[in-house]
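Open the model in your viewer and keep the sequence panel beside it. This tour tells you what to select at each stop and what is there.

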Amino acid sequence: MMGGYGSGMGWTGMFWLLLIVGVLLLAGLGIWFLSAGRRRGGPTGSLDGRGAGPAGGGGTPREILDERFARGELTAEEYQERLKILKGDS
């Protein structure tokens, strides 16, 4: 006679297995999230070697301006004004 505790070990083992799998999944998602931010040139930097701005050699001034506008860092008016400056139309 087991006293009703015979199947308890199976559930305990399943609990620990699920707990370990869950922790590993969370760790994997955390690593993926951090590395994805780097690939996008987020606050952690850029892995594509171009850097995050003019000092990093991110391309021509026009390309940098276009990228900043596309990311929403500049309004349409700011973009047009800076584009005129780049073209020399002051």
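Helices (H or I, at least four residues) and strands (E, at least two) are DSSP runs, numbered from the N terminus. The model is predicted, so local features need pLDDT of at least 70, side-chain atom pairs count only at pLDDT 80 or more, and totals for chains, interfaces and linings use all residues. Residues are numbered from 1 along each chain as its sequence is written, and side-chain values use heavy atoms, with hydrogens and water left out.

**Whole chain**

Start with a cartoon view. The chain has 3 helices and 0 strands. From the N terminus, the order is α-α-α.

The accessible surface is about 7500 Å², by the Shrake-Rupley method with a 1.4 Å probe, where for residues only the protein chains shown count as cover. Carbon and sulfur atoms own 67% of that surface.

How many of the 90 residues count as buried? The share is 10%. Buried means under 20% relative accessible area, exposed means over 50%, and partly exposed lies in between (1.4 Å probe, protein chains only).

Contacts come next (heavy atoms within 4.5 Å). Take those with a separation of 6 or more: residues 24 or more positions apart account for 9% of them.

**Helix α1**

Select leucine 17. This residue sits in helix α1, residues 8-39.

Next, show the aromatic rings. The structure holds 2 aromatic pairs. Phenylalanine 15 and tryptophan 16 form an edge-to-face pair, because their ring centres are 5.3 Å apart and their planes meet at 75°. The rule pairs rings of Phe, Tyr and Trp (its six-membered ring) with centres within 6.5 Å; planes under 30 degrees apart are stacked, over 60 edge-to-face, the rest tilted. Phenylalanine 15 is partly exposed at 48% relative accessibility. Tryptophan 16 is partly exposed too, with 48%.

**Salt bridges**

Side chains of opposite charge can pair when their charged atoms come close. Here a salt bridge is a side-chain nitrogen of Lys or Arg within 4 Å of a carboxyl oxygen of Asp or Glu. The count is 3.

Select arginine 62 and aspartate 66. Their closest N and O atoms are 3.2 Å apart. The two residues are 4 apart in helix α2 (residues 61-70), so about one helical turn separates them. Arginine 62 is partly exposed at 38%, and aspartate 66 is partly exposed at 29%.

Move on to glutamate 73. Which residues pair with glutamate 73 in salt bridges? One is arginine 68, with closest N and O atoms 2.9 Å apart. Another is arginine 71, where the closest N and O atoms are also 2.9 Å apart. Shared partners join Arg68, Arg71 and Glu73 into one network. Check the accessibility here: glutamate 73 is partly exposed at 42%, and arginine 68 is partly exposed at 28%.

**Helix α3**

Finish at glutamine 80. Its place is in helix α3, residues 76-87. Glutamine 80 is partly exposed, with 43% relative accessibility. Glutamine 80 and leucine 65 are 15 residues apart in sequence and 9.9 Å apart in space.
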